[in-house]
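Let's walk through this model together, one question at a time. Have the structure open as you read.

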Amino acid sequence: MICLVLTIFANIFQTGWTGANERTFVAVKPDGVQRRLVGEIIRRFERKGFHLVGLKLVQASESLLKAHYWELRDKPFFNGLIRYMSSGPVVAMVWQGLDAVKTARRMLGETNPADSLPGTIRGDYCLEVGRNVIHGSDSVESAQREISLWFQSQELTCWEDCSQHWIYA
Ligand code: DAT
Ligand code: MG
């Protein structure tokens, strides 16, 4: 039992979930990929100062998408959402940095593009809630769940970031 607890703690510290090591899951949805927004979206996260930990182009399976959006399974738009998300590849990413979850959500804008301020990704690049271009985890717990759903641990890369000293005091 003690071993199990120690292993879990070691894992948390290794993958890093606090402070500058907070991670979030971001995905450019099929409409964002089709509309050539991938580079623009990555550029925004890079320029903000976040550290890229994982990146891949995925044609997501229905079972992965159903697990990802499990909390919304009773919503009337659920089937349409799964169809939309399976309609083409998505770019799945893990970004790391101080307050990564909260800040990424602010960069995305609101769920409905009509409520999203100009300057946010949804505020700048889309019109309808059913084609809102990008996903971002809504809490640290969701980020942990979503990252482990979309990425195997060996797909997440630890690398020395030489700009860290210019981003963190
Ligand atoms: P978010 O993606 O901002 O976290 P969410 O988790 O509530 O929003 O919903 C997941 C996705 O489901 C959302 O990005 C787009 C779709 N969606 C949400 N509300 C919807 C609605 N009323 N009609 C159609 N699609 C909707
Ligand atoms: Mg959500």
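Q: Which residue just after α3 takes a positive phi?
A: This is a predicted model, where local features need pLDDT of at least 70, side-chain atom pairs count only at pLDDT 80 or more, and totals for chains, interfaces and linings use all residues. Residues are numbered from 1 along each chain as its sequence is written, and side-chain values use heavy atoms, leaving out hydrogens and water. Helices (DSSP H or I, at least four residues) and strands (E, at least two) are numbered from the N terminus. Just past α3, a positive phi of about 120° belongs to Gly-49.

Q: Which residues of helix α3 are buried?
A: Buried means under 20% relative accessible area, with a 1.4 Å probe and protein chains only. Helix α3 spans residues 38–48. What covers its buried residues includes β1, β2 and β4, counting contact as heavy atoms within 4.5 Å. The buried residues are Glu-40, Ile-41, Ile-42, Arg-44 and Phe-45.

Q: Is His-135 buried or exposed?
A: Away from its neighbours within four places in sequence, His-135 is in contact with residues including Phe-25, His-68, Tyr-69 and Glu-146. Its relative accessible area is 10%, so His-135 is buried.

How values were computed. Chains lettered and ligands numbered in written order. Buried < 20%, exposed > 50% of the residue type's maximum accessible area, 1.4 Å probe, protein only.
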